[in-house]
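Here is a walk through one protein chain and the ligand that comes with it. Have the viewer open as you read.

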Amino acid sequence: MHRSSGKSRNSKTANAPKQKITYTKKVDPVLSEYANATLSWLRQAEFSMSAPKLDLCVEDTGYEIAFAGRSNAGKSSAINALTNQKQLARASKRPGRTQMINFFNLGNPDQRLVDLPGYGYAAVPEAMKLVWQKELENYLIHRQSLQGLVLLMDIRHPLQHFDIMMLQWAHSRKLFVHVLLTKADKLNRGPANKTLLEVQQQLKKMGLNFSIQLFSSLNKLGLEELASVMGGRLNFTLAQQNHHANAPDAELDLLAGIDLDAIEIAGEADAESLEQSESDQSTNSPSLKP
Ligand SMILES: Nc1nc2c(ncn2[C@@H]2O[C@H](COP(=O)(O)OP(=O)(O)O)[C@@H](O)[C@H]2O)c(=O)[nH]1
Ligand SMILES: [Mg+2]
């Protein structure tokens with residue numbers, strides 16, 4: 001009969017050194033190298049220009065990825081974190097620019113990030129909103145260099161009306177979408193992962209096969225994952241990294257791109273965002289249709 005009592009272990013097993021169990025997350029070294037190279041490349045982002053309408057945008061060549069989402073979803077903060085630059089957000093936060101299409105060059109004019117006007121922006125008259133929506137729609141439909149969208153949604157208010165319209169529309173134009181559930185630091189890990197799964201399932205149900213991740217500009221959660229997606233879609237290659245000028249040191253200063261004063265403290269009620277989510281439900285839906 002097999003006996004499994006501890007005392008019956010032979011001396012060889014008993015004297016064997018205890019195996020150390022570690023729980024560190026395995027990182028794929030190739031992916032990580034690519035993500036870090038992309039992050040280093042993205043640091044050279046420069047504000048290029050703001051356009052109120054499609055005709056006034058920069059030349060429609062090369063590749064660009066647009067950041068879309070409701071106002072206050074965390075677009076500017078994400079771009080700052082991604083490019084490790086505080087100043088970029090300032091560029092698109094200047095009065096008047098919030099509702100413009102803001103372009104950032106990544107070392108050359110043919111690889112760009114775009115900060116789109118936030119939808120649901122509260123402090124403007126309805127008629128103005130309709131004009132902006134029309135311009136946003138024009139850009140999304142006609143812009144040839146647009147590879148796809150990074151769609152940001154506050155993890156506490158995902159998949160609101162306009163988000164769903166953007167997702168369906170992008171699907172019908174065959175653009176990729178990478179979804180960020182932002183401000184993930186506002187939830188504990190369990191509820192954050194639960195929301196991630198739920199949103200993933202809802203996207204599947206809608207027939208939308210888009211990638212999705214948790215993100216926090218505050219603690220840089222998900223930064224490498226986002227960088228890898230961006231690099232791939234913007235056609236960034238490791239060969240390109242040696243050609244960019246602005247790489248003083250390989251190490252990233254983790255806090256450099258973050259305006260800590262501007263970040264909401266985790267746990268604090270996000271009144272503006274809640275207010276907006278409620279007003280979004282009640283205001284007229286935009287005319288963007290797939
Ligand atoms: N706690 C927390 N707050 C954030 C985060 N990202 C943005 N915020 C805050 O959310 C608000 C809106 O952010 P912003 O980037 O301007 O959003 P935008 O309107 O989509 O460009 C600001 O008060 C930010 O400080 C985050 O990851 N965590
Ligand atoms: Mg912004």
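What follows goes from the overall model to the strands, and then to the ligand.

**The model as a whole**

This is a predicted model, in which local features need pLDDT of at least 70, side-chain atom pairs count only at pLDDT 80 or more, and totals for chains, interfaces and linings use all residues. Residues are numbered from 1 along each chain as its sequence is written, while chains are lettered from A and ligands numbered from 1 in the order in which they are written.

The pLDDT is the predictor's confidence in each residue, from 0 to 100. Its mean over the protein is 78, and 68% of the residues reach 70 or more. Among the elements, β7 has the highest mean pLDDT (98), and helix α10 (residues 271-282) has the lowest (42). A contact here is a pair of residues whose C-beta atoms, placed from the backbone, lie within 7 Å. Where pLDDT is low, the predicted coordinates should not be read in detail.

The protein has 10 helices and 7 strands; helices (H or I, at least four residues) and strands (E, at least two) are DSSP runs, numbered from the N terminus. Of the 290 residues, 35% are buried. A residue counts as buried if 20 or more other C-beta atoms lie within 10 Å of its own, exposed if 12 or fewer, and partly exposed in between, with C-beta atoms placed from the backbone. Among contacts between residues at least 6 apart in sequence, 79% join residues at least 24 apart.

**Strand pairing**

Here are the pairings; two strands pair if DSSP finds at least two bridges between them.

| Strands | Sense | Bridges |
|---|---|---|
| β2 (residues 63-69) and β4 | parallel | 5 bridges |
| β3 (residues 101-106) and β4 | antiparallel | 4 bridges |
| β5 (residues 146-154) and β6 | parallel | 7 bridges |
| β6 and β7 (residues 211-214) | parallel | 4 bridges |

**Around β4**

Start with β4 (residues 111-115): 5 of its 5 residues are buried, so this strand is largely enclosed by the rest of the structure. Gln111, Leu113 and Asp115 cover one side, Arg112 and Val114 the other, and all are buried. Leu113 is a handy landmark: Ile65 stands opposite it, and it is also the bridge partner of Phe104. The hairpin of β3 and β4 has 4 residues between the strands, and there Gly107 takes a positive phi near 90°.

Past the strand, Pro117 is found in the loop between β4 and α5 (126-142). Is Pro117 buried or exposed? Pro117 has 22 other C-beta atoms within 10 Å, so it is buried. Its C-alpha lies 7.5 Å from that of Leu136, 19 residues apart in sequence.

**Around β6**

Now for β6 (residues 176-182), where 6 of the 7 residues are buried, so this strand too is largely enclosed by the rest of the structure.

Leu197 lies in α7. This leucine has 10 other C-beta atoms within 10 Å, so Leu197 is exposed. The C-alpha atoms of Leu197 and Gln213 are separated by 9.7 Å, with the two 16 residues apart along the chain.

**The ligand shell**

Which residues are closest to ligand 1? They are Gly74, Lys75, Ser76, Ser77 and Leu218, from a shell of 20 residues; a residue belongs if its C-beta atom, placed from the backbone, lies within 6 Å of the molecule. The shell divides into 5 nonpolar, 10 polar and 5 charged residues.

Helix α3 (residues 75-83) supplies the largest share of the shell, 3 residues. This helix is mostly covered, with 9 of its 9 residues buried. Just after α3, Asn84 takes a positive phi of about 60°.

Definitions and conventions:
Ala, Val, Leu, Ile, Met, Phe, Trp, Tyr, Cys and Pro count as nonpolar, Asp, Glu, Lys and Arg as charged, and the others, Gly among them, as polar. Two residues are in contact if their C-beta atoms, placed from the backbone, lie within 7 Å.
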